[in-house]
Each structure stands twice: as C-alpha cells, then as structure tokens.
Amino acid sequence: MPRDTCGFISAGDWTEQSLVQVTMPLRQLDTDSCLGRAFLWTLDRAIRKPGGVTAYAGHRRRFATSLSDREKVRGEPEVVESSFPPFFEARMTVSAPLQFRSIHYAGLAAGPRLIVTGAVHGNETAGTQAILRIMAELDSGALTIAAGSVTFVPVTNPLAYARGERAGERNLNRNLFPKAQPEDFEDRVANWLCPLLAAHDVLLDLHSFNAPGEPFVMMGPRDNDGPLEPFRHEQEERALARVLGVRRFVDGWLRTYGAGVERRLRNDSQLETVLRYGVGTTEYMRTTGGYALTLECGQHADPQAPEVAYRAIRNTLAHLRLVEAPPPQPVPADAVEALSMVEVFDKLHDDDAFTRPWSSFDRVAAGAEIGRRADGTAVLAPFEAVILFPDTAARANAEWYYLARANPGF
C-alpha cells in the first residue's frame with residue numbers, strides 16, 4: 001500500500017479520462033480492526049465509481065475524495081463527512097498484483113467448519129459486500145464465533161473481480177478441479193480453492209444474476225450411490241437451505257446437465273471430460289464429503305441482494321450453532337416453491353429462436369410454443385413446466401434452456 005509523506009494511505013486508479021483517488025489520515029485508521037482492514041482492502045483495490053469513489057468502513061467516518069475533475073485532482077482532497085451506504089463495491093486495478101485471500105475465525109468449542117465464498121463471478125458482488133459486513137461485526141465484537149469455525153473468501157476470483165466481469169479467462173464455476181499443469185488463471189484459482197474447500201464441512205456460495213428476479217437456492221441431489229454425484233448429506237443440506245431466508249429452491253442441475261451431455265456425446269471418448277465440465281464450487285465440495293448450497297441473491301444491481309446474502313450468512317452461522325443465537329425458522333411450507341430440473345433442450349442451429357422473451361421461473365403450459373427451429377418447426381413444451389436459464393445467445397449444439405417440474409418431496 002503506497003504511503004505518502006503526509007501520513008496518508010492512498011490508492012488511485014487511472015481510467016481513460018479520469019483520475020480517481022481516495023485518501024484517509026492514518027491517525028483515523030485502526031489497522032488492527034476489521035473496519036480498518038476493510039477500508040485498506042477497499043483502497044488496495046482502487047474502487048471505481050463514475051465521478052469519484054465511495055467506501056464503507058462500518059459506520060460514519062471522515063474521508064477524503066478527489067473527483068475526476070482535473071482541477072480538483074491537482075488540489076487538496078476535499079474532506080467530507082459521509083454516512084456510508086450499508087455496502088460498497090470494490091474494484092482492484094488489473095495491473096496490480098493478484099493474490100488469493102481467505103480469513104478464518106475459530107471458536108473455543110468444537111463444531112462444523114463452514115466456508116463462505118463471494119465473487120466466484122467477478123460481477124457478482126452481493127456476497128463480497130455481505131461477507132465484509134459480517135467480518136466487521138466479528139472483529140468489533142458484535143458477533144462471536146463460539147464453536148466450530150468459519151472461513152470467508154470475499155473475492156474468490158480476483159482477476160474477474162478486478163475487471164468487473166463474470167470471468168477472468170474462463171468461467172471458474174465450471175470444470176473446477178486441481179490441475180497439475182494449470183493452463184489459465186481460473187485453473188490457478190482452482191489449485192488454491194479446491195484444497196481450501198476440502199478442509200471444510202459446509203459451503204455457502206453467494207451469487208447474483210443478470211435479469212430481475214427473486215432470489216433462489218441451488219441444491220444438490222438426493223442421497224445416492226450413483227457414479228455421477230454420490231451424496232449422503234441430503235437432509236443436512238436441505239435443512240440449511242430452508243433457513244437461508246428465501247422461498248425458491250432448485251435441484252437436479254448436474255443430473256440434467258449430464259443427461260444432455262450424454263445425449264450429445266454418446267459413445268464419444270470425450271464424454272467423461274465434458275461431464276467434469278459441469279462441476280463447480282458446490283459440486284466439488286460434495287466430492288470431498290461435505291455439503292454445499294449456491295444462493296442466487298437477486299439481480300446484480302438490486303440493492304436488496306447484499307441484504308439477502310447477509311441474512312443468509314447470519315442464519316447459517318446460527319443454524320450450524322457457530323454463534324450463540326436463536327435458531328432461524330425455516331420458510332413456511334405454504335410459501336415454498338421447490339423445483340427439480342428434469343430436461344435440457346439444445347439449440348440445433350444458431351438461428352433457432354425463442355417465440356417470446358423468456359425469464360427463469362416463467363411457467364409454461366404443456367403444448368405451449370417455446371421457440372422455433374431454424375426451419376420453422378415449432379418447439380413445444382412436452383409437459384407443464386417452469387423454464388430455467390433460457391439463453392438467447394446459445395450457439396448450436398449447446399444448452400438453450402432447461403425445464404423443471406414441481407418438487408413435492410422437498
């Protein structure tokens with residue numbers, strides 16, 4: 001961290017047409033507190049905001065901001081008193097050295113080992129914001145880990161996060177395995193992340209999505225001894241899902257993805273390799289003997305998404321009895337919307353097109369037209385279903401959309 005001769009900690013980012021800089025007097029910064037570390041962490045990543053920068057350090061603080069106005073940048077920073085928003089977005093300059101960071105808290109008593117990850121995709125920052133908020137509470141003493149342990153990874157993919165994009169060099173949440181010979185940045189993330197996941201019992205992976213919509217949880221399979229995704233923690237995983245604070249639940253991802261792969265590559269020597277491509281953070285966690293949930297906290301830009309993530313972390317800590325707090329209540333049964341993915345439909349030609357704009361969780365009647373093939377053939381829903389993950393940009397011989405059915409057994 002650069003230190004100037006006036007006793008300030010500074011960080012800046014030069015964009016094409018502006019200089020953004022933030023400074024804070026050292027005498028106002030307790031670098032041993034989580035609040036101070038959060039501020040330093042933010043500065044170190046040169047927060048980017050059009051026309052200036054903002055940061056969150058847990059409460060009201062004096063800070064100095066130089067806006068992109070050239071005259072102001074040349075002069076003394078304007079010191080202002082600000083009531084910080086409850087969250088902030090940090091961005092690291094891509095030219096800065098990239099490193100991996102996890103923060104571990106352990107209680108005095110034995111208990112489960114939880115890991116919470118944010119920014120697996122770099123443009124999904126709700127989890128990052130919520131994690132830093134929880135860390136601030138832990139370091140201030142407002143929250144204490146009494147039993148077991150929790151590890152936080154605020155930014156899982158620092159390259160994608162620095163760019164503010166979904167991926168660095170590829171999607172980290174696919175083909176997530178350690179590689180003896182890493183070929184891209186995400187392979188190097190995997191070589192650090194996979195052993196870290198394996199050292200824990202439970203994973204809460206926090207994401208967000210592009211289109212407007214309601215938060216939902218992606219769960220693993222039922223208990224089974226099958227070759228694709230053997231599992232033995234169904235009850236524990238689903239009990240945790242019910243207390244995260246959302247009402248939508250989806251399972252069947254890897255099974256349905258795998259069926260599509262087998263259909264495309266039957267008897268192909270690449271079948272096993274492509275099946276491995278469907279493995280992300282939660283799937284890998286289950287291979288290690290643990291259990292895991294992906295929480296999609298809402299739309300990227302939804303100001304409530306970080307609140308959803310924060311509530312989920314607090315509820316998880318209480319549910320696992322890592323903190324001394326009343327156990328969270330599960331979502332009422334009559335509010336639950338539980339779905340199982342049952343079939344994936346591929347684009348056969350680049351010119352295949354949807355009949356209308358579809359969004360995840362849109363309901364589709366049996367026989368309703370979903371799209372048309374390039375030759376004009378109608379694509380009809382084979383049964384009453386809910387559409388998931390429709391991809392207008394899909395290419396030929398790739399997943400176009402998924403159909404799910406109600407899951408009364410949840």
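**View 1. R248 and E214 pair up through their side chains.** In this predicted model, R248 and E214 form a salt bridge at 4.0 Å, N to O; the term means a side-chain nitrogen of Lys or Arg within 4 Å of a carboxyl oxygen of Asp or Glu. R248 sits in strand β10 (residues 248–251) and E214 in the loop between β8 and β9 (216–218), so the bridge ties together parts that are 34 residues apart in sequence. Helices (H or I, at least four residues) and strands (E, at least two) are DSSP runs, numbered from the N terminus. With 12% relative accessibility, R248 counts as buried, while E214, at 27%, counts as partly exposed. Here buried means under 20% relative accessible area, exposed over 50%, and partly exposed in between (1.4 Å probe, protein chains only). Salt bridges also link E214, R247, R248, E337 and R363 in a network.

**View 2. R113 meets D201 in a salt bridge.** The N to O distance for this pair is 2.8 Å. R113 belongs to strand β6 (residues 109–117) and D201 to the loop between α5 (185–198) and β8 (202–209), so parts 88 residues apart in sequence get tied together. R113 is partly exposed at 36% relative accessibility, and D201 is partly exposed at 27%.

**View 3. R170 and D184 make a buried pair.** Both residues are buried, and their side chains meet in a salt bridge at 3.2 Å, N to O. R170 lies in the loop between α4 (158–163) and α5, and so does D184, so this bridge ties together parts that are 14 residues apart in sequence. A search of the whole structure turns up 20 salt bridges.

**View 4. Helix α3 crosses helix α10.** The axes of α3 (residues 126–140) and α10 (residues 305–319) come within 8 Å and cross at roughly 50°. Axes are lines fitted to C-alpha atoms, for helices over the stretch in contact, with angles from 0 to 180 degrees between N-to-C directions. That angle makes α3 oblique to α10; angles under 35 degrees count as roughly parallel, over 145 as roughly antiparallel, 65 to 115 as roughly perpendicular and the rest as oblique.

**Notes.** Residues are numbered from 1 along each chain as its sequence is written, and side-chain values use heavy atoms, leaving out hydrogens and water. As the model is predicted, local features need pLDDT of at least 70 and side-chain atom pairs count only at pLDDT 80 or more, while totals for chains, interfaces and linings use all residues.
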